[in-house]
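Dear colleague,

I am pleased to hand over the structure for your study. Please look through it first; a short account of the findings follows below.

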Amino acid sequence: LAAIWQPTAQRVFKLLYGESIIDAPLDLNVPGLFNGNPLKSEQIKTSELVYTENFNWVGLTASLFHNELENLIVRDISLDPVTHTDVSVIRNTGRESTTGLEFTLQLPVTAKWQVEVSSSYQQTDDKLFNLPAAYSPKWLGYFKTSYRLAKGRTLALSGRYVGEMLPLYDPLKKARIGETVAGYFTWDANLRWENLLMKGAFLNLRISNLLDEEIRYPTSPNNPWAVKGMLGESRAFWLSLGLKW
């Protein structure tokens, strides 16, 4: 559902509401189908208030959003009464609530040079344990700029900031399964050359994690030994050659 109000040609307000469901993946649902207790569909309800303003050469978008997630499929950790060991079971026990703000600035510096900056802050709570949710950074930031060179060439640079993240909470141990991982900022670069040697041919060179920053992802139940988090991808080069027709 959407209600849109446009008081001027440059200013727009939007009030949005939506609901969505996601069916359980078959590989996770097989045990439940056999024992007559299949997993339920995950549910999300989202509300958002959006403000958009176009100034002389700057575009501004700001949004306030709230999401409610129910029946999330999570891996519960419990104690086996017979073996007295930790066991994990897939269940629909996850419940989360998110409230956040997001801002985006679009800056067309020239006809060939474009710049976009965006940032968001969100607070996500795990309603099952009344704790901050795992794997959910509070701060996110993006910077993108592109410049069209001569003869169909485009050079782009993008930066991404991801704030610190918490690992999963273990209710049996009443503690997180690992350490909090620090936030990180990375740069990616991309050079694209259209109509190379012939019409429709293109060459694309992408460099991810340009400055080779250390990236760590929080510990998960699949790698509980990595208490300091798993290392992300270091600097990588991707070269592709293609033909469009």
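A residue is called buried under 20% relative accessible area, exposed over 50%, and partly exposed in between. Please also bear in mind that this is a predicted model.

By this rule Tyr51, at 24% relative accessibility, counts as partly exposed. Phe13 is likewise partly exposed, with a relative accessible area of 29%, whereas Trp5 counts as exposed at 55%.

These residues, Trp5, Phe13 and Tyr51, form one aromatic cluster. The ring centres of Phe13 and Tyr51 lie 5.3 Å apart with their planes at 35°, so this pair is tilted. It links distant parts of the chain, since Phe13 belongs to strand E2 (residues 11-22) and Tyr51 to strand E3 (residues 42-54), 38 residues apart. The structure has 6 aromatic pairs. One of them joins Trp5 and Phe13, whose ring centres are 5.6 Å apart with planes at 20°, so the pair is stacked.

Two arginines lie over aromatic rings: Arg153 over the face of Trp193, at 5.0 Å from the ring centre, and Arg192 over the face of Phe202, at 4.2 Å.

Turning to the open spaces, the largest pocket has a volume of about 390 Å³. Its lining comprises 21 residues, and the closest to the pocket centre are Val74, Arg75, Asp126, Tyr135 and Leu168. Strand E4 gives the most to this lining, with 6 residues. By class, the lining has 12 nonpolar, 4 polar and 5 charged residues.

The largest cavity holds about 40 Å³ of space. Among the residues lining this cavity are Asp126, Phe129 and Leu168.

Yours sincerely

Notes
Residues are numbered from 1 along each chain as its sequence is written. This is a predicted model: local features need pLDDT of at least 70, side-chain atom pairs count only at pLDDT 80 or more; totals for chains, interfaces and linings use all residues. Side-chain values use heavy atoms; hydrogens and water are left out. On a 1 Å grid over the protein atoms alone, a cavity is a set of points where a 1.4 Å probe fits but cannot get out, and a pocket is an open set with protein on both sides within 12 Å along at least five of seven lines; lining residues have an atom within 4 Å of a point. Grid points are joined across faces, edges and corners, and a volume is the space filled by probe spheres set on the points. Helices (H or I, at least four residues) and strands (E, at least two) are DSSP runs, numbered from the N terminus. Ala, Val, Leu, Ile, Met, Phe, Trp, Tyr, Cys and Pro count as nonpolar, Asp, Glu, Lys and Arg as charged, and the others, Gly among them, as polar. Rings of Phe, Tyr and Trp (its six-membered ring) pair if their centres lie within 6.5 Å; planes under 30 degrees apart count as stacked, over 60 as edge-to-face and the rest as tilted. Buried means under 20% relative accessible area, exposed over 50%, partly exposed in between (1.4 Å probe, protein chains only). A charge sits over a ring if NZ of Lys or CZ of Arg is within 6 Å of the ring centre and within 35 degrees of the ring normal.
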